[in-house]
Amino acid sequence: MSARPSYPRTRRLRAALAASCAALLVTAGCSFGEPAPDPAGEPPNLPTPSSSADPGGGQQAVATVLAKGLRVPWAIAFLPDGGALVTERDRGRILQVGPESGPDGLRVRPVQTISDVAAAGEGGLLGIAISPGYDRDKTVYVYYTTEQDNRVAKLQLGGQPTPILTGIPKAGVHNGGGLGFGPDGQLYVSTGDAGERPRAQDVKSLGGKILRITPAGKPAPGNPYPGSPVWSLGHRNVQGFTWDAAKRMYAVEFGQNTWDEINQITKGGNYGWPQVEGRAGDKRYVDPITQWATSDASCSGLAATDRLLVTACLRAKRLWVLELTDTGTMLGQPTELLTDRYGRLRAVAAAPDGSLWVSTSNHDGRGTPAPDDDRLLRVVFAGGDGGRS
């Protein structure tokens, strides 16, 4: 099987992050422009972008601070109007960011506090997803830690959350927390092993899994284990996941102290934890499409656009960018961006205009906060189209 894409490299690199991702191969001699107009036709009223050559390989990116003064922004989900909902892990708040803007960036306002969030360690208000029918039903889904468990609930902003999936194991670490609607309209949930390794291989446990449920919280039709929400197993702690243009699912995974991974997620796939960390070459388990030493990664968020995967890393304080082949494997080597420029990076999401929104996580107890932290960034690669697809 050939890993070579079926059309020219210059075309392949025109990913939606910048509409001209040939910039991934451009060195420090490139110049930057202002972000292109948003789909509405007018440029956002944002601060001047900062830019610099990335030390990893000469690639460049433009980063604009959209918002500052947040506390551990954990997940980002976009609303139909172009604004976004952002969760704050420790405060248990949902913030609305934009689409209105001012001289210092996008308008930020709290729209909900989840009162039964019990934030401790890595737990708190974590993932958020917008209903595919939001224009009609105004429904938002959240993943959060309580005194008893991790759970998924649905709500309309300002209303009381209604739990739809409870009993996900909780602990001070490995709480998972990812939430997102797939191309099939079902809701996917990533969970951690909550510090108990055997859970990841136990099909009866919700820990150490990727789950697939209906919007009502029931096991989705077509799951590999009848009557069970389990979609894949053998995960240590998955937080970020996404789908590419071909509707293939990927997840980023925290290893223990050897390998962090990005995996292509398949129905019923077993990803090996705790028997396996990183590539094993064992046909019982699915090998990652790429892996890093934990010191170079410890990544939380994951976004896809066209043929690129982008993951935001905490310990490594950078973005990793992967280019995909026609078959969903990795082409070449990952490219690092923004290394050590903003501290710990957690969430990354592909915005409607083709840019990336990235959150810092310097107030999470493991970082060194700058005066403006935590921040929400808009990132585009160097190139003339500034992030539009």
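**Close-up 1. The disulfide of C299 and C313 in a predicted model.** The link of C299 and C313 is right-handed, with 70° about the S-S bond, and the two sulfur atoms lie 2.0 Å apart, where a disulfide is taken as a pair of cysteine sulfur atoms within 2.5 Å. Because C299 belongs to strand 19 (residues 299-305) and C313 to strand 20 (residues 308-313), the pair ties together parts that are 14 residues apart in sequence. A search of the whole structure finds one disulfide. This is a predicted model, in which local features need pLDDT of at least 70 and side-chain atom pairs count only at pLDDT 80 or more, while totals for chains, interfaces and linings use all residues. Residues are numbered from 1 along each chain as its sequence is written, and side-chain values use heavy atoms, with hydrogens and water left out.

**Close-up 2. Burial of the two cysteines.** C299 counts as buried at 1% relative accessibility, and C313 counts as buried at 0%, buried meaning under 20% relative accessible area (1.4 Å probe, protein chains only).

Close-up 3. Strand 4 (residues 84-88) and strand 5 (residues 93-102) run antiparallel and are joined by five bridges; strands are DSSP runs (E, at least two residues) numbered from the N terminus, and two of them pair if DSSP finds at least two bridges between them. A84 has V97 of strand 5 as its bridge partner. Four residues separate the strands of this hairpin, and G92 in the turn has a positive phi of about 70°.

**Close-up 4. The hairpin of strand 5 and strand 6.** Seven bridges pair strand 5 with strand 6 (residues 105-113) in the antiparallel sense, with I94 opposite Q112 in strand 6. Two residues lie between the strands of this hairpin.

Terms used:
Buried < 20%, exposed > 50% of the residue type's maximum accessible area, 1.4 Å probe, protein only.
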